[in-house]
Amino acid sequence: MRPTDWVHVIDEFVEGLSLQATYLDGLDAAIGDGEHGATMLRSFRAVQEALHDTPNDLESEALVLGAIGATLSRCAGGAAGALYSSFFGAMAKTASASSSDEKPGSRFMSMLGEGVGALQRLGKAQPGDKTMLDTLAPALEAARIAEREGRTLREILSIAVLAGENGMAGTREMEAKKGRASYLGARSVGHQDPGATSAFLLLQAMKKGLAGAIGTSV
Amino acid sequence: MGQLLNDPSSVVFDMATGVTLAHPHLQQLGEYATIATTESPLERVAIVSGGGSGHEPAHWGYVGKGMLDAACAGQVFTSPPVEQILDAIHVLDRRNDHAGVLLVVKNFAGDVMNFGMAAETARNEGVPIAVVTVNDDVSISDPSSRRGVAGAVLVHKIAGAMAIRGAPLVEVKRTATRAVRNMASYGIATSPCVLPGAKGPSFELADDEMELGIGIHGERGTATVPLQRAGQMCELVFAALREQLPSLRSSRILLLVNGMGGTPSLELYLVFAEIHRLASGVGATVAIGLVGNFMTSLNMAGFSSTILLLDDELEELLRAEHHATAFPDLTRQQPSSQRAAFRQGCRDR
């Protein structure tokens, strides 16, 4: 994957967040304080601006991902800001450690795996707690299986998005154990989690940004 | 409902500008909405807190000699980002020449993570740093999930006063932790709040309903029930506090009634009278009473109540002189040695 592919991922993510901001706010209003969409959009718009302001500094995937994490650390705030800055920071570390000979599919898998691992360590959520992890963990698991089967990056991403969508929908009937929704206890059941929803939008953005580019060698 | 703002996306900075203009002994640190004292050098452990905006006067209202040295304000109901907190730590660490920084953090996922990551980075850089987590809201049964609410303000005061005494970081943290262990809070809302620029309230609540077990971010509480008279509400609140603090009977206590932002002072004092009566009824002595908006949720109507079990040291620390704009002056018959220490900025180490 090229560094600019990740810039496209952020562009696609911002577009998705922009289209869904009101919807995300609505999901958050049911079980939180109603600002998840606005917060995510503000945070990732800042990332988008930072990336477009310094195009010459983005020579490698690791640098782009590091810049995303660093911008979030400066500008985002909130649980989402902390978690996503950790997620992208871990992906950046993995990107710089992996060799350029690695196939895109397996490279993506290591990065996503480390990213999700960092999220779990920081947020301390378990699958079933009704969080972004309930979208990303199933996506990671399905992607791992696909990668082992020798599928292309494009296929791995499509499979990840599908699994993520199921995971996101599954949060509806979960009782929140983490985050603001957890204060509502059983009253959080019956509402899809906003964090899981924006995480799904990120997976979609990754698919569009990483596998949509013409000439991507997958 | 009409709001007083220009651009919803700049409300926090617009507010911060007003704060430093209204209170010239306060300054904004760099590019962030962090409010700090102008005291430099600082001859004591520095106390830092903060969190989302929308809880005013928390947290900038508690910045002042003898209380907080800096408060980091995030976007409304959103914890400040890691770098903002780290910047404040760096400034204070320079000002107090590595005497140590204590972070007072409320037990919310965002606050814990952002303040935690800042503390970890600072620690790795060699800054002496400690964190005390406030989780006084007893409406949630699992203590590790309990929110930090109005009780945090008392922790700011106790920690700030300990620092003025010249206490080292580890002792400031120990005393602050003791305070957290001996306090309990519980809140009820009679109306939700409206975020800046939002089209509607943060949740729906009918005129004849009340929301039990609220936090401070405009979210629903543990249950929606029919509205009761103040007397019954206070019995419910007092019962929750008493369950958490069984040694309440025949203790000296601090009793705080905190307005959620949209409740008239008239109602808050009425509520205070009710809870005071209930506390006295079980043999507690209300040594310190506090009534007002201390940790609000924008314009939410309702109140929370905090009880802190006092010992001589905690009571002295609460009564010690300070310069924060939003905490009352509780000094009375302070020994002259303590007044001199305050003037100096700390007791001789």
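This note sets out numbered points on the structure above, for a reader who is new to such models.

1. Basis of the model. The model is predicted, so local features are given only at pLDDT of at least 70 and side-chain atom pairs only at pLDDT 80 or more, while totals for chains, interfaces and linings use all residues. Residues are numbered from 1 along each chain as its sequence is written, and chains are lettered from A and ligands numbered from 1 in the order in which they are written.

2. The contact between the chains. Chain A contributes 24 residues and chain B contributes 27 residues to the contact; two residues are in contact if their C-beta atoms, placed from the backbone, lie within 7 Å. On the side of chain A that touches chain B, the elements giving two or more residues are α3 and α4 (78-97) of chain A. Here helices (H or I, at least four residues) and strands (E, at least two) are DSSP runs, numbered from the N terminus. The element that gives the most to this side is α4(A), with 4 residues. By class, the side of chain A that touches chain B holds 8 nonpolar, 10 polar and 6 charged residues. Ala, Val, Leu, Ile, Met, Phe, Trp, Tyr, Cys and Pro count as nonpolar, Asp, Glu, Lys and Arg as charged, and the others, Gly among them, as polar.

3. A residue of helix α3 in chain A. Ser73(A) belongs to helix α3 (residues 61-75) of chain A. Is Ser73(A) buried or exposed? Ser73(A) counts as buried because it has 25 C-beta neighbours inside 10 Å. A residue is buried if 20 or more other C-beta atoms lie within 10 Å of its own, exposed if 12 or fewer, and partly exposed in between, with C-beta atoms placed from the backbone. Leaving aside residues up to four places away in sequence, Ser73(A) touches Ser85(A) as well as Pro81(B), Val82(B) and Glu83(B). Ala169(A) stands 96 residues from Ser73(A) along the chain, and their C-alpha atoms are separated by 29 Å.

4. Positive phi values in chain A. Most residues other than glycine have a negative phi, and most peptide bonds are trans. Lys124(A), which is not a glycine, has a positive phi of about 60°. Lys130(A) also has a positive phi, near 75°. The loop between α5 (104-123) and α6 (133-148) of chain A holds Lys124(A), and Lys130(A) lies in the loop between α5 and α6 of chain A.

5. Cis peptide bonds in chain B. The bond from Ser40(B) to Pro41(B) is cis, with omega near 0°. Pro41(B) sits in the loop between β2 (34-37) and β3 (46-53) of chain B. A cis peptide bond also runs from Ala58(B) to His59(B), with omega near 5°. His59(B) is placed in the loop between β3 and β4 (70-76) of chain B.

6. The two domains of chain B. Chain B is divided into domain 1 (11-181) and domain 2 (184-310), with bounds that come from an automatic or database domain assignment. Their C-alpha centres lie 24 Å apart. In the contact between them, 20 residues of domain 1 of chain B meet 28 residues of domain 2 of chain B. Helix α4 (residues 151-164) of chain B supplies the largest share of the domain 1 side, 4 residues. That side has 12 nonpolar, 4 polar and 4 charged residues.

7. A sheet in chain B. Which strands make up the open sheet of 6 strands? Their order is β9-β8-β7-β12-β10-β11 (chain B), with mixed pairing; two strands pair if DSSP finds at least two bridges between them. β9 and β11 (285-292) of chain B stand at the edges, each with a single partner strand, so one side of each has no neighbour in the sheet. From one strand to the next, the twist averages 20°; axes are lines fitted to C-alpha atoms, for helices over the stretch in contact, and angles run from 0 to 180 degrees between N-to-C directions.

8. Pairing within the sheet. Strands of a sheet pair through backbone hydrogen bonds, either parallel or antiparallel. Strand β7 (residues 183-191) and strand β8 (residues 209-212) of chain B are antiparallel over 2 bridges, and Ala189(B) stands opposite Glu211(B). β8(B) pairs with strand β9 (residues 223-226) of chain B in the antiparallel sense over 4 bridges, with Val225(B) as the bridge partner of Met210(B). Strand β10 (residues 252-259) of chain B runs parallel to β11(B), joined by 7 bridges; Asn258(B) stands opposite Gly292(B).
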